[in-house]
Amino acid sequence: MLMNRYIGTMLVLFGTTYIFAQNRPQPPEGMVYVEAGSFIMGSTYGDPDERPRHIAYTKAFFIDKYEVSNAEFAEFDPTFEFPTSKKDNAAIVTWSQANAYAQWAGKRLPTEKEWEKAARGVDGRIFPWGNTYDNTYVVWDQKSTRGTSIAKPTSPYGCYDMAGGVWEWTADWYKPYPGNDVPMEQYGETYKVMRGGSNFNNHSFIRTSHRYYLLPEDLRAYPVGFRCVLDVKK
Amino acid sequence: MNHKLKYRLAVPMALFALLQLQSQKVNEFPSKSDPLYKKVDMYDKLMLGNHWNEGAIMQHVIFPPAGLDRPIIGSQADCLDPTSEMLAAYSHKYAITKNEEDRKIANRIFEAVLKLERVTGVSGLVARSFNKTDKPLWHEKVMWYDEWHESSSMPGYRWLGDLSADKFTSIFYGVGTFWELCADEKYKKKAAGLLDRFIGRVVDNNFKLTDLDDKMTLWGNFCPDLPHQSLNSLEMLAALKVTYKITGKERFNAAYHMLIDRYHYDDDQINSKILFPEEWRNVGDDYHAARSLYMLMRFEDDPDLLNKYRMNLNRHWYDWKNIEFTWESTIWFIMVYYVLTGEDVFTEERIQAIKDMWGFERRTREFKIPQDDGSFELVKSEEEGTAAAMIRNYWFGRYYGIIDEKW
């Protein structure tokens, strides 16, 4: 019974992926293409807000291969200060700053769905590279340059540092998934969702399904950066 | 100046003087040339006088005008570290002196740890810190850490949540040492009850520290089903061992062996110390490993497990043997290694480093205090750090015969 359900789910997932994977558009420089289709979102083993594990759907989109760097952010905001030795490190900014940069760049912040799909692909994996973990797979935190972990793994779509490095802002408010009835006082339109974790906190936060909430303008306890997405024009 | 004006000024001046007296109860500092016992005695008075927050020990105190007349303004995320250090210090001290006054102080510090649980209103949920205040204090908005709550179980108190693995270690280390060396029968039961609820709640949540919102805290992951640091495997084994020893409850022994037999925490913990690449070495983490190994290796008698814990210790020693004594905990590592192995590792240089232990200097700096209208006011005030680790080191060293009372 369980096996039949699993096979059915995978057929749907790969079927839709195959259909939408035809005629792949060329991504702009520094971005990768994520095809339209379904994927496994959430988890059964993480925090209560990751449940239920469910099938979600996105349209096709492009997403930045790396988090936005200090130097890139300074092109948008010349008053943004950082050590010259850290021009390629991920920028740590508030949600408003991230959103303003995205608009300036003609892009936008990813939704939670888009972020999670870009990070884990369609098969429900725990990490962008699979289900095992080692410290050499990740950039520890913002102190290290983007994409410089020893193993240098990418997500199924070719994104770097979707686990570890800095947390990443998403466009979404922190709300329960459909079907989740675990009460959380933080749910609503006060906190934005950040994803991807930072090893500065704890390894399990770098799971692709992990969600955390943060006041959009308060960065005291968390190193939070971002990457942008771009809609695919038909 | 006429008499009327003098009279008008006298009252506020007297109040200001009284405020100063109350806020800076102890102002005498040792000099660096003083003998160790005198330095420890004077820092002890400073800590108990200026850092005492209803038994909890503040890691950082800001005096008026930026602070208040009570030591409840300052960074508080790590208050459980100096609190557990002073609890251990007074436990070791009582074991030597058998002085009931020392025991009373230890009891009061332990009661503060109980209050850290009671203030949350949730059995087994322990706060990082608490303050008696009915409104948010200015430092909550700007200083690490920001998870402050109004207490529903203790009206008029606020508490800081999101407990971490580090503070988890402080609790089983401090309370465990208190139970072992100092607590009378009544307090032994209280200590056992606290660890039963606190560690029991973590076990019930699949080895996660969870906060009021039921989410795992930022640094609260010991879960066998989630990737976590090897150091956290060590800390969880030590916590379970201590709690089993103190409570005698089989569930903690069963959990300990489940993590070993099914999830191989005994193998995982060996690599708690990251040695290579060298830039990943972290002596801050070593402190938690040292406290865990100190408790675990004395309470374990299985030779196979002891061998694995010794492997962990050896990996730490590879770094510690060449470590510079830059802060008090690095000196404590050497003492712990000696206690656990019996190896004579006290060179002249290390003995001198122990004799030279120092607490803190009182400093003056400007604080940026947020105002209601969103602006900031700059206020200059004095502040103090903590000498709790130094005081703990001293009584730990005295207890194990490392430190001579004449030093």
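In chain A, four strands form an open sheet of mixed pairing, in the order β7-β6-β5-β8. Strands are DSSP runs of E of at least two residues, helices are runs of H or I of at least four, and both are numbered from the N terminus. Two strands pair if DSSP finds at least two bridges between them. The edges of the sheet are β7 (212-214) and β8 (224-225) of chain A, each of which pairs on one side only. Strand β6 (residues 192-195) of chain A runs antiparallel to β7(A), and three bridges join them. Here Val193(A) stands opposite Tyr213(A) of β7(A). Helix α4 (residues 112-120) of chain A packs on the sheet and touches β5 (167-173) and β6 of chain A. The direction of α4 makes about 140° with that of β5(A). Contact means heavy atoms within 4.5 Å. Axes are lines fitted to C-alpha atoms, for helices over the stretch in contact, and angles run from 0 to 180 degrees between N-to-C directions.

The model is predicted: local features need pLDDT of at least 70, side-chain atom pairs count only at pLDDT 80 or more, and totals for chains, interfaces and linings use all residues. Residues are numbered from 1 along each chain as its sequence is written, chains are lettered from A and ligands numbered from 1 in the order in which they are written, and side-chain values use heavy atoms, with hydrogens and water left out. The predictor gives the complex an ipTM of 0.76 and a pTM of 0.87. The pLDDT is the predictor's confidence in each residue, from 0 to 100. Chain B has a mean pLDDT of 93, with 94% of its residues at 70 or more. Residues 15-21 of chain B have pLDDT below 50; this stretch has three contacts in the model beyond near neighbours in sequence.

Ser38(A) has Tyr57(A) as its bridge partner in β3(A). Strand β2(A) is mostly covered, with five of its five residues buried. Buried means under 20% relative accessible area, exposed over 50%, and partly exposed in between (1.4 Å probe, protein chains only). In a regular strand the side chains alternate between the two faces of the sheet. In β2(A), Gly37(A), Phe39(A) and Met41(A) are buried on one side, and Ser38(A) and Ile40(A) on the other. The loop between β2 and β3 of chain A holds Pro52(A). The peptide bond from Arg51(A) to Pro52(A) is cis, with omega near -5°.

Chain B also has a cis peptide bond, from Pro64(B) to Pro65(B), with omega near 10°. Pro65(B) lies in the loop between β3 (61-62) and α3 (80-97) of chain B. Asn206(B), not a glycine, has a positive phi of about 55°. Its loop runs between α7 (185-204) and β7 (208-210) of chain B. Asn206(B) counts as partly exposed because its relative accessibility is 29%. Asp214(B) also has a positive phi, near 75°. Asp214(B) sits in the loop between β7 and β8 (216-221) of chain B. At 34% relative accessible area, Asp214(B) is partly exposed.

Helices α12 (residues 303-320) and α13 (residues 328-341) of chain B pack at about 145°, with their axes 11 Å apart. Residues of α12(B) in this contact include Leu313(B) and Trp317(B), which, with others, meet residues of α13(B), among them Phe333(B) and Tyr337(B).
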